[in-house]
Each structure stands twice: as structure tokens, then as C-alpha cells.
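The entries follow in the order in which I made them.

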Amino acid sequence: MRQVLALALLALTAVRLSAQHLLVPMDDQQRNHLKAYGLTYGALQRSEKAEWLLNYRGGAFLLLDSPATRRKAGLDGVSVTALDEGALATIRTEMSGGNFDAVPLERAPKVAIYSPPSANPWDDAVTIALDYAGIPYTKVWDPDVIAGELSKYEWLHLHHEDFTGQYNKFYIAYRGSPWFIAQVNRTVAQARQLGFDNVPALKKAVAERMRQYVENGGFLFAMCGATETLELAMAGMNVDIAGSFADGTPMDADADQKMDWSRAFAVQNAHLEPSPLINSMSDIDGHQVNVPGRRRALGTFSLFAFSARLDPVPTMLTQDHRSVLQDFYGVTTSFAKSVLKPGARVLAYQDGLPTAKYLHGSFGKGAWTYLGGHDPEDPQHEVGAAPTDLSLYPSSPGYRLILNNVLFPAAQKKPRKT
Amino acid sequence: MRWTRNVACAGALLLRATPAVHAQEIGATTSDSLVLRALALEDTKPADAAVLYRRAFAGEAMVPALLGLERVYTHLGTVDSLLPLLRSAIRNEPRSSVVRTVQLRTLTALQRDDELTLAFRDWVRAAPGEAAPFKEYARVLLEAGRSAAADSVLSSAARMVRDPRDFSAELAQVATAQRMWNEGARRWRETLVQTPQLYQAAVFALGLAPGAARDSVRTVLLAPPVWLPARRVLASLELIWSQPRRAWLAFEGVPADAATVAAWTEFADDADARSMPVASREAYAAIYRQTREPASALRAADAALSSGEAATALELASVAQRGLTAPLAVRDAVPVRLRAMAALGRAGDALALVDSVRPTVVPIQLQLLERELMWAWLRVGDAARARPLVTRLDEDEATALLAIYDGDFAQARVALRHADASNTLLLLPRALLSRTTLPTSPALGSAFAALARRDTATAVTQLLGSAPEVGDAAPLVLAMAARLLTAARNDTRALPLWSRIVTDYSTSPEAPEGDLEWARAAIRARDGSTAITRLEHLLLTYPTSALAPQARRELEAARRLTGTS
């Protein structure tokens, strides 16, 4: 027995001494899934090689065993396992026999978040995720977008913004609230300063710049109301789709017929909500959280599984240690399947409902991803609610979906084989 | 032939084994007696019971026999044998809700969904305008986890029955099963208007609401008008959700009449059983204010002691004492007052109280009171006053603590072998004794006694003086001193101790705490960079420490403070 123990100790010591790689497991053995993304991003920032082992142990990362990486893993509480070449070869052999693939991660993508300079009474799940994971980003806003600054970034995130310029129709419930009045005044002044007649005109111009950004090779990730309103703003570029509250004139009575869906990323043949008093933009959202008569109850959503070798991009975006997740509301919670374009890939669907939760597609040289809902760890998130403290949810499977999108542009580009 | 043999066997067995059953049969019909005999056999001889039930089914006791057969066939795994009997029973009593319900349950158990739907429709036709078919079918669907189907059934029922309010409980159950918590709470509130006895069902259903949905449940149940049944449900829910303070607040604004006091009493007992003294204390105290019953004040005092509010406990017990006869006061109220005084460190008052009742109590009562007095002296570190009581009462925990104060560690170890491990006064002495073999240490003993007297200056001096002699326990002793100095906001003296623990005793259990406190002291001195260094050292050197999660939080805060990442 003593000999066996001695041999085991010797073997362990040998592995520690000759380890060249660190495996960052992303299954239930991982203590802090979200910080693991920051650990990987940090390694890429230091130009260290990294790989994403798709479908292996929950979508594990393989990093170089460097002192800096070990130190950050220790400080952040990220579980890592040292591997020598032999152990790595064993893993690669195991991966060669199943639905696995190793995707090299090349560089740390430059991240921009489209976010107003002032704090809003709601929170941005992506900002929260990036801050917690320790991934740096730059905030951009309308003047930056209009000035063409987006081309400096590889990854653009949108959250909660209403690109139809109707302030998410919050005027129905919050028109007397100081924060709402301040937001309207600020946005109107901004529009005039940038040479636009009204806010809807400004927001449509911003949406158009974003469309061009993706067309030219950028990656765009949107959540919550930004998904639906970006689609509406792009398709309604030349139509008055805003109520009189926003631009002084009512919505074009024939707006539905005049929408040019060829300009949109994901949606076609959707119908606009004509009433300015109903807190809904269109029939794109399957849950209609702010319309009592239409509101659909929350259930769960399930991630599709994809072939790691044949379909690496959807596989990257759906890496998770859970495949069925608690659903969560947002201004836009889901996407009715009936209005999706054929090119919009459904990455996750709501169980038992004719809706999708998570979409991805390509447009021009770039790609877009939409995730419905506001905050994966606060299913009923309401205006004014306290921000989510991710240190209480270090293994949040919903937040992992957001961070998958941050690292996805870091992957060495591989054409889809299907 | 086989049937005959089984019956004969069962009959023979019954004649021998169940004379008591025969005694019950006096005055009963033949079918009733068969049912009674079958009941007696259900658990031990289900097959024989089935034979008797079938005979009873053919007679006048069709319904009880059918229910019995449902139980025994389930036990025997032959539920499908019920189907022909059910067909026969339905022919005889097509509107019987019991028979129809058994049919629905049986078809559900057999997973014959199509037949289940047909059976439901047949019942609706047989009993037009009645709510029972819809209610029972919805309940069966709910139990099978098919809440959406149950919802459809109830929605269609609302159009077809005489009084749609009949379904309020089922609709409430459906809403909660579908995790529509706001809607569920609203429907349960409506249901309780008609059927307040469903209070427990409402609590059970809404208790499953996840954290994020609980506020909406609260909003519905707290909504005006203030209504006792809704508030009672919410109070119980808060107990289930481990929110004892909120639980009691749920009753806020409810007029204090007899029904409310009854609800408070039930709530207080529930909170007590769940070890939530914060809630039970408030409830018992409120009950006392309404009823002036000393027993309620005493229970409130007990709960206050358990929740660490000795001053409140003393006040309540004193109030209770005034309402009791002298013998009852000595028996029930005085011990509680003594415990409260001991917890407050008022040993002198405790002695005066014991002296005041000493002439009136019997020896066994006096012993109980002196026990409380002994602990009062021990709690304030007065070894001299405690000693005669400890010697007389001979309790292991007290003996151990007194030996610790005397610095007689050898005797303390002996006493601790049999002492109650949950006694909080002995936690630190136990930790110390487990890390040193020192037989005596008067300095450390007096440090513990000084600590009990809340004389922290003496305690620190004695601890620092004894640290060199305690071997492996030195970092613990230093940490005890450092904690006292930190609590007194004396970082100038505490910091060298914490840094000494980290540098000189880096493998000790106190080292991570040393790093953390060092960092906190640095933050207080606005030295973010030192704080970051210490916290990083903690995380990298002691990654498995229980303090690591807290250190990570404080590291993030320190980085924000210094603007580093």
C-alpha cells in the first residue's frame, strides 16, 4: 500500500513539474464558470495560445501553463487542472471519437458596448457579466456610432435600447417619472445636436450604421428589446413606425405593408403594434411581458446541440453545463418562430412554445446573435430592481451564453461545413 | 374453482385471526362485515382482502368495496382488474362522483389517456351542469403534472357549469402548478373567501414560489383590504421561506380580535417548532398584550432568550411573574428571569433574586435556581462566587469552565470529555486545549476570566504574555488578542499581531484570517495597494480557506477603490 501511495505521489509530482497546459473544466467541477471566461480572455490578451474544447467537459478551455494564468486562476477561484503532453494527448484521443472539437482562440477581441453615458434605472446583463469576468470593454453611444467609431471594435453589444426611438414605450407607465423625463430630454437634445429632426430618425441612423458594421465583418450581440427594435428599425428605415409621442406624427397607417424585411437580419413579415397605448412593438416577441392580456408565462428553454466539427459556431455559442435553463423575461423575451427568416438559426427554444430564445445568423461578412430576455438570474427583472450580484451566481448557465458570445469572435475563423 | 379456494382460505383465516372484527360486525349488514374483514386484511393479506371486497362489491357496499379494491389492486399491481368493476358500477350509478373519480384515477394510473378523456366526457354527459367532473378531471391531470391540460379543462368548465366559482381552488392550483405565481396568489386569495379551510393548500402551493417570484406573491397577499386569511397565508409562507421577521410583519394592520389571536397562536407555535424564535417572540408577546395570559408572556420570554434578546426576555418574564401565583412564579418565571440576567451579565441581580425566593422553595427547586445562578457567575468570570455552586452541582460543563478560569487545563480536559459539545462558552477553550499539551497556565486562565468580565485590556495583556508558553496554540492566542484589539479599533496594536501570525505562523489555521484582517486594516488606513497584496496573498496561499470567497469580494472592492483591475 505504501509503495502504491509513493508511486502515486511521485506521479503527481512529475505531472506538476512537467505540466505545460492548464485545463479549465467547464462542467460541474468548475467553481467559477464566469470568471473562467475572463481567465481565458486574459491569456489571449497576453498573446498566449488557447483552445476551446467544444463539448468537452462543458466546453472546457485549454490554456498555457503560465505563472500569470495560474495566479489569476487562484485569485479568481477558477478551477484549473495541470496537464502534461501525455495527459493532453489522452484528452485529444478521447475527443477524436465523439462530438468534440478543439477550436484555437487567436486574440482577445476588442469589445464595445452600446450604452448611454448616464445610468438607467435598469441594468445591463452584459456589462455585469463583463465586469464580473474581468473582460475590458469600451462604451460607445450615438455620437460615436454616427462618427463611424464602430469599425474599431470586433464585438458590439446592444442591450435594452429601443431603435424605433419610442423609449420602449415606457411613456405609457413612466411618463411622470423623473428618470424618464430626463432620458427623453437628453435624447432629444442629442438628436438635434447630431443634426436629426427627432429621436426615431437618429435611432434609425444608428441602426443603419450597425447594420453596415455587421455587413462589413463585425460581430453583434443583442439582448432584450434591442433585438426586436433593431430589426424593426432596419426594416422600417424609410417608414414612419414611431408613435406621435416620439416624433410628433402618428405611425404610418400602411407601415406594415411598407416594411422592407430584406434589410433585417433575422425577421420577416412581422406585424407592427399600431396602438401607441399598448406596450408592445410588434408580434416578434412571443411573450409580450408588458401586455397583460397577451403575457405568456415563463417556463424553461433548451439549448440545441450541434455538431462540433461541422457546425463550430453554433456549438461555441451553446457551450454550457446545463442544457435546460430557467427562462427570463425582458422587454423582448422570445422570438416567434413564424416570423424568422430561414437563415436565422435557432440555438435555443422555449419548451412547448412556438418561440425561440436564442438566435444566430450571418449577414454580409459578419454575424449577429440575439438572446431574448433581460437578466438570466432575475427572471422578472423590473425597472428599478437592484442589479444582479454575480458573485452569488458564479456558475450561472444563462450568463455563460452571454460570455460565449464574447469569446466567439476570438476563435480562428472556420467556415461552416453544412 | 381457484376463486372458491381463495375465499375458503380467507374465510378460514379470518375465523382464526380476527375475532375483534367479528365483534364490530354486530348490527352491520353482510356487505359491511365483508368490508370490515377486508380492511383488517388489507396490509397483511391484500389478495384475500381483494376477494372479500369483490364479494362486498356485489352486495350493498359497492362504493366502499370499490375504494378498497382500488387500494389493494394498486398494492398487488393489478389495477387493470378494476376496469370491468368500474363499468358495472357506472351502469348502476352513472352520476356517482366517487365511482367516476376512481375511474379517472385508474385510467391515469394505467396511462390510458384516450380512455381517460372519453371517461371524462361520458361523466359530463351523465351529470350535465355539475362541476364535479371538471374538478376531478382537472385534479387528476394536475397530479399527473399536466397543468396546461388541467387549465384547458377548467376554462371550458367555466362556460358549462352552473356556478363557475366552484372552480376557484382548482384554478388556483393550476396557476401555481404553471408557476404563474402572481396569478396563483390572486386566485388563492379569492378561493379563501369561499373556503378558508383551504389555507394549508394555499400555503403548500405558494410555498414553492422561487425567490424571484416571492415579491409578487407578497404584493397580492398584502394588498388592501387587510384580510386575516390572506395575511395568515403570507405569514406561513414567510416562515417556509426562512424570513421570520417578515413573517410576523405579515400580520401588520390586522385588527386584533379573537380570530386574529387564534391565528397568531397557531403561527407562534409553528415558528417555535421551526426554531424561528424571532417570529415566535413577537407573536407570543402580541398574544400576551391581547389576552394578558402570563403563559404567553413566558413563551415570548423563552423565545426572546433563544433569539439573543435577553433584555426583552427579562422584561417579559418579569411581567409574567406579576400575573402568576407565588408558587407558579417561582416554578415558571423565576428561572427564565435568572437565565436572562445571566445572559446580561447581571449576576448580582440573579443572586438577589435567588435570595428573595430562597425561603419559599423546596430543595429541588432551589437546586434548579442555583444552577442558573452558577452559570450567571461563570458568564461574568467570577470564579470565586461560582466555585461553591460548581462543587455542589457537579456539572461537567461548569467544572470545565471553572478549571479553564483557574488555568488548570488538565482538569478542564477531564471534564470536557463528558461535557456537552454545543455549549458556546466552551468553544474557544476547546479549540485552545486541542492545540496545546500545557497542563496549567494561570495567565491564560485569567485571560479567559477577564474576557468573561469583558475586561479586554487585561485579557489582551494576559494573552500576549502567555503566547510564548503555549506551543502550537500560539497563533490562536495571538489571534484572540488581535481580534480584541481589532474590535476595539486599535489597528496600531492589532496590525503587528496579524502580520506576525501571517509571517511567523504561515501554516496555522489563523494565517488566512491574519491576511484578511491585515487587508482590512490597510483599507481603513486608505492603503489600497497593501490591501490588494494581502488579499492576493490569502487567495493564492490559502485557496481552500473558508475565507477565500469573502477575500475575493474584498479584493474586488479594493481594486475598485484603487482603480486597478
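I looked up the exposure of Asn182(B): it counts as partly exposed because it has 18 C-beta neighbours inside 10 Å. I used these classes: buried means 20 or more other C-beta atoms within 10 Å of the residue's own, exposed means 12 or fewer, and partly exposed lies in between, with C-beta atoms placed from the backbone. The model is predicted, and local features need pLDDT of at least 70, side-chain atom pairs count only at pLDDT 80 or more, and totals for chains, interfaces and linings use all residues. Residues are numbered from 1 along each chain as its sequence is written, while chains are lettered from A and ligands numbered from 1 in the order in which they are written.

I placed Asn182(B) in helix H12 (residues 181-194) of chain B. Helices (H or I, at least four residues) and strands (E, at least two) are DSSP runs, numbered from the N terminus. Beyond four places in sequence, Asn182(B) is in contact with Ser216(B) and Val220(B); contact means C-beta atoms, placed from the backbone, within 7 Å. I also noted Thr219(B), 37 residues from Asn182(B) in sequence, at a C-alpha to C-alpha distance of 8.5 Å.

I turned next to chain B as a whole. It has 34 helices and zero strands, and 44% of its 565 residues are buried.

I then examined the largest nonpolar core, which has 156 residues; Ala283(B), Ala301(B), Ala317(B), Ala376(B), Val477(B) and Ala481(B) touch the most other members. Such a core is a set of buried Ala, Val, Leu, Ile, Met, Phe, Trp, Tyr and Cys residues joined through C-beta atoms within 7 Å. Helix H30 (residues 474-487) of chain B gives the largest share, ten residues. The core lies between domain 1 (179-254) and domain 2 (256-392) of chain B, because both give residues to it; the domain bounds come from an automatic or database domain assignment.

Last, I looked at where the chains meet: 14 residues of chain B are in contact with eleven residues of chain A. On the chain B side, helix H33 (528-541) and helix H34 (548-562) each give two or more residues, and H34(B) supplies the largest share, four.

Methods: Two residues are in contact if their C-beta atoms, placed from the backbone, lie within 7 Å.
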